[in-house]
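Dear colleague,

I am passing on the structure we spoke about, with the sequence and the coordinates together so that you can look at them side by side. My notes come after it.

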Amino acid sequence: MAEPITTALKRTPLHGLHLRLGAKMVPFAGWEMPVQYGLGVMKEHLHTRAAAGLFDVSHMGQVILRPRSGRVEDAAAALERLVPVDLLGLKEGRQRYAMFTDAAGGILDDLMVANRGDHLFVVVNAARAEHDIAHMRAHLSDACEIEVIADRALLALQGPAAEVVLGGIAHGAATMRFMDVGIFHVGGAELWVSRSGYTGEDGYEISVPADKAVGLAGVLLARPEVEAIGLGARDSLRLEAGLCLYGADIDTTTTPVEADLAWAIQKARRAGGAREGGFPGAPRILRDLADGPARRRVGLLPEGRAPMRGETLLFAAEEGGEPVGRVTSGGFGPSVDRPIAMGYVAAALAAPGTRLWGEVRGKRLPAAVAELPFRPNTYKR
Amino acid sequence: MKFTEEHEWLRPEGDIVTVGITTHAAEQLGDIVFVELPEAGRSVSKGDEVVVIESVKAASDILAPLDGEIVEVNPALTDNPALVNEDAMGGAWFFKMRPANMADVDGYMDEAAYQAMIG
């Protein structure tokens, strides 16, 4: 088969709504997405932290792994072959962060996995959806039907007012805890809700049938607490929250331990655990866990006002020497009102407070290694 | 006042030209969080990158519109980069320069031509 010759951007079910709201639309991972609305990135960011923001994240891939045996633990055991995460220990109604690893221990994508009783529900990054679906089909088809959900939108409602807003229309949503998942019936629509997000705020991700998405978004946006928020603020929010962006902060050249994601590798999959290893790249990842990685993802606080963007090279001294690391995401944090960045540095230089220099436009500017997140997350645990 | 295709405005007064960016450009850039200005006294050639503007999203360069010397920069922008969003055509000027050849200013667009360009 020849490659398709057209590269038309895909549109989410909310495309028309974005245009009516005056969004500036940009190409993103093959989709036409709103990067900002009338408020602009700064105000959208601050509004999300002060009240609530509604994000269209329908470009992300939604997939159901339905066990052929009918037993969800068979789907969990199968998916455990691809991720260093304890999924057999994931209880019904709960969600967990995971990453697909490759044979070298690199990260193929990061994802969310929910146990929904008789199947697993998986959400993957838009840019990796095609890859991930092929990857799961190749490796899980013996145990699972891989159902790509193409007839649902995905919304994220994030911020301190998210609970009162969603709780007002979805009875019981307010009492969910961080990383709980549940099904709610609202206005004739079956909503698949998780209490999670990508902003560091309390909030929800809501899978909604495509033909009900505009109606739901309208109900949420009618609340005075809620503003539509674009991908620009989504990126500054997740950066302040210390969350990784696939393709920038994590990729096949970074292992989960280097990426400071060891917290996502539960005891059962570690050395001496009940199901030690058994995922791609296990020797490398278990070695990183045992010996400590040679480099580590850290936060960086530039001392001045100049942002340090991705790809900025980091040095241990103001002059001379070879690079000791590299910024992978960087910009301005509206809530912390200063430039912030994340990057990889040699393990010996990863202690908070370590002074490094980032080379910005030919000049080395000082930056201190900092704890992540840059501001405390407000999840409802 | 004259305008460049790079969305800069040029205001000549005597032998000095004040340079800033247009309101349209500031809107396109979004919220400005950092402005890096050149040193006064620097000799520049047309097309040199003389100012860096960083929005929340990205960094952009402002090019010298003329050959000449930078004689003054706007200190207000260092303390308050958001001034570019608030008053692009006035208080948020970037620098004043003494052009090598004042007549070069005449080669740029007038306001009507600029408005036609941005539609």
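Below I go through the contact between the chains, then the sheets, and then a few local features.

Please keep in mind throughout that this is a predicted model, so every value here is computed from predicted atoms.

**Where the chains meet**

The contact between the two chains involves 15 residues of chain A and 12 residues of chain B. The size of an interface is often given as the accessible area lost when the parts come together. For chain A and chain B that figure is about 1200 Å², with 51% of it on carbon and sulfur atoms. On the side of chain A, the residues that lose the most area to chain B are Met42(A), Arg309(A) and Arg361(A), which together account for 42% of what that side buries.

As for the elements involved, strand 2 (31–36) and helix 2 (41–50) of chain A each give two or more residues to the side that touches chain B, and helix 2 of chain A supplies the largest share, 3 residues. Sorted by class, that side of chain A has 6 nonpolar, 3 polar and 6 charged residues.

**The sheet in chain B**

Chain B has an open sheet of 3 strands, in the order 4-6-7 and with antiparallel pairing. Its edge strands, each of which pairs on one side only, are strand 4 (32–36) and strand 7 (59–63) of chain B, and the twist from one strand to the next averages 25°. Strand 6 (residues 49–55) of chain B pairs with strand 7 of chain B over 5 bridges in the antiparallel sense, and Val52(B) has Asp61(B), in strand 7 of chain B, as its bridge partner.

**The barrel in chain A**

In chain A, 6 strands close into a barrel with antiparallel pairing, the order being 14-17-16-15-18-19, and here the twist averages 45° from one strand to the next. Strand 16 (residues 325–333) and strand 17 (residues 338–346) of chain A run antiparallel and are joined by 8 bridges, with Phe332(A) standing opposite Pro339(A) in strand 17 of chain A. Helix 7 of chain A lies across strand 16 and strand 17 of chain A, and runs at about 115° to strand 16 of chain A.

**A salt bridge within chain A**

Over all chains, a search of the whole structure finds 36 salt bridges. One of them joins the side chains of Glu80(A) and Arg269(A), at 3.7 Å from N to O. This pair links distant parts of the chain, 189 residues apart, with Glu80(A) in the loop between helix 3 (72–79) and strand 5 (95–101) of chain A and Arg269(A) in the loop between helix 7 (231–240) and helix 8 (282–291) of chain A.

**Two backbone details**

Most residues other than glycine have a negative phi, and most peptide bonds are trans. Against that background, Met179(A), which is not a glycine, has a positive phi of about 75°, and this residue is found in the loop between helix 5 (162–169) and strand 10 (181–186) of chain A. The peptide bond from Leu372(A) to Pro373(A) is cis, with omega near -5°, and Pro373(A) is found in the segment after strand 19 (363–370) of chain A.

With best wishes

Methods
Residues numbered from 1 in each chain as written. Chains lettered and ligands numbered in written order. Predicted model: local features only at pLDDT ≥ 70, side-chain atom pairs only at ≥ 80, totals over all residues. Heavy atoms only, no water. Contact = heavy atoms within 4.5 Å. Buried area = accessible area lost by both parts, 1.4 Å probe. Helix = DSSP H or I, 4+ residues; strand = E, 2+ residues; numbered from the N terminus. Nonpolar A, V, L, I, M, F, W, Y, C, P; charged D, E, K, R; others polar. Pairing = 2+ DSSP bridges. Axes fitted to C-alpha atoms, helices over the stretch in contact; angles between N-to-C directions. Salt bridge = Lys/Arg side-chain N within 4 Å of Asp/Glu carboxyl O.
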